[in-house]
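Visitor: I am new here. Please show me the structure, and then let me ask about it.

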Amino acid sequence: MAENGPEGDLPQRRLGIKEQQNGQPTDSVLSVDERKQRDREERQSLVLWKKPLLTLHCFVLELLNTLRDWTWRLWQQRQTACGALVLITLLSIAYRVEGTHQQYVRYMEKKVLWCAYWVGLGILSSVGLGTGLHTFLLYLGPHIASVTLAAYECGSVDFPEPPYPEQIVCPQAEAPAAGPEADRLGAEAVGVEEAVRAAALQGSISLWTIISKVRLEACMWGAGTAIGELPPYFMARAARLSGADPDDDDYQEFEEMLEQAQSAQDFATRAKLAVQKLIQRVGFLGILACASIPNPLFDLAGITCGHFLVPFWTFFGATLIGKAVIKMHIQKLFVIITFSRHIVEQMVSLIGAVPVLGAALQKPLREYLQAQRAKLHHSAGEGIPVEENWLSWLFEKVVVIMVCFFVCSIVNSMAQSYAKREQQEKHSEGKTQ
């Protein structure tokens with residue numbers, strides 16, 4: 001027993017010595033879970049507002065590594081790349097050569113760029129770069145609201161192209177021919193006639209008309225969000241098939257959640273488990289149900305489907321139908337109903353009833369709406385007077401701030417990915433020694 005005493009104290013002595021080195025224990029005295037937790041905390045502290053220089057350094061290195069990997073993959077698929085290059089060259093020649101086909105080329109160019117714009121915004125909204133850019137609130141929602149307000153004001157959705165969609169202008173009615181009868185009409189009679197015509201046009205605008213006008217961009221945005229859900233699916237599927245340790249924090253949390261499924265957990269974890277069980281048991285319909293409603297936990301659906309080896313087209317088909325068709329029509333209906341003419345007028349009136357601040361908020365809001373309506377009645381070739389309004393100024397600044405925060409989150413995410421790779425290489429070298 002006397003001999004075992006000093007030997008039993010050796011680990012404690014070694015631990016005391018190691019803790020004196022930089023105030024932290026080394027990897028040899030840490031369990032795997034403790035080491036992973038420590039590494040995770042170190043990575044999470046690598047952000048621009050805490051370690052700006054180190055974060056930028058790691059971001060640049062990760063960006064160079066990513067470009068190198070993409071270049072190598074492109075070289076491996078050089079035959080496909082050469083074919084794509086030849087196709088792009090032929091399309092460029094057809095685009096520049098004059099002929100009767102140019103009207104179709106211009107039409108296709110406009111539609112393809114318009115669809116690509118909204119698909120790209122949808123991908124940015126859900127692909128998982130940094131925090132994700134809320135492009136529905138910043139771009140698609142305001143676009144649908146603008147079309148809705150313009151449709152009720154103009155009494156039509158046949159906006160002249162150009163300038164639509166960059167700028168919405170009401171279609172110009174044909175002026176009546178000048179004559180003795182027209183000269184006899186007074187200003188009051190003309191005003192009454194225009195008011196009656198406007199009321200008749202506004203009555204002809206239906207909910208379905210506005211939905212049809214914005215259907216293309218809304219469905220393209222929804223398709224982009226469905227594409228953005230693919231990386232978690234492929235990552236989880238590859239990790240499950242290879243049997244290797246997951247290289248993603250979300251996937252690690254998913255596996256830990258499955259291991260602790262029977263123990264007491266908080267509401268968020270129970271909600272994640274409910275989504276996982278629904279998808280695992282119901283399959284296509286479960287994925288469709290989760291994708292068809294605004295669901296912040298849908299990122300877990302891709303990981304779940306990849307982990308349990310759900311076929312690709314089962315996952316992507318249900319996600320595409322749910323997000324690009326069902327969910328988008330729900331969101332479109334909400335925005336169109338919210339910004340319909342009578343609802344907007346009621347909201348402005350209710351804002352005026354707010355004590356103390358009501359009048360101060362109601363006046364600039366009315367001025368903003370009146371300015372927007374005035375812009376709609378300018379012809380396409382005329383200059384539009386620009387009036388500064390604090391609401392539009394505030395919205396522009398909010399958009400800039402959110403985009404800047406999104407860019408910063410991408411920098412942080414890529415820097416943390418580089419730090420994780422360095423940690424893994426360090427631990428693998430320690431095992432081989």
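Visitor: Which residues does T148 touch, not counting residues up to four places away in sequence?
Guide: Keep in mind that this is a predicted model. T148 has its place in helix α6, residues 135-154. Leaving out residues up to four places away in sequence, its contacts are I210, I336, F339 and S340.

Visitor: Is T148 buried or exposed?
Guide: Buried means under 20% relative accessible area. The relative accessible area of T148 is 0%. T148 is therefore buried.

Visitor: Which residue's backbone oxygen lies 2.8 Å from a polar atom of the T148 side chain?
Guide: A polar contact needs N or O atoms within 3.5 Å. The distance here is 2.8 Å, and the backbone oxygen belongs to I144.

Visitor: Is L361 buried, partly exposed or exposed?
Guide: L361 is found in helix α18, residues 358-376. Partly exposed lies between the buried limit of 20% and the exposed limit of 50%. L361 has 39% relative accessibility, so it counts as partly exposed.

Visitor: At what angle do helix α14 and helix α16 pack?
Guide: Helix α14 covers residues 284-291, and helix α16 covers residues 312-338. Their axes are 8 Å apart, and the angle is about 35°.

Visitor: How many residues of the contact of α14 with α16 are nonpolar?
Guide: On the α14 side, the contact includes F284 and I287. On the α16 side, T314 and K323 are among them. The contact has 2 charged residues, 4 polar and, as asked, nonpolar ones numbering 8.

Technical notes: Residues are numbered from 1 along each chain as its sequence is written. This is a predicted model: local features need pLDDT of at least 70, side-chain atom pairs count only at pLDDT 80 or more; totals for chains, interfaces and linings use all residues. Side-chain values use heavy atoms; hydrogens and water are left out. Helices (H or I, at least four residues) and strands (E, at least two) are DSSP runs, numbered from the N terminus. Buried means under 20% relative accessible area, exposed over 50%, partly exposed in between (1.4 Å probe, protein chains only). A polar contact is a pair of N or O atoms within 3.5 Å; within protein, one must be able to donate a hydrogen and the other to accept it, and residues adjacent in sequence count only if both atoms are side-chain atoms. Contact means heavy atoms within 4.5 Å. Axes are lines fitted to C-alpha atoms, for helices over the stretch in contact, and angles run from 0 to 180 degrees between N-to-C directions. Ala, Val, Leu, Ile, Met, Phe, Trp, Tyr, Cys and Pro count as nonpolar, Asp, Glu, Lys and Arg as charged, and the others, Gly among them, as polar.
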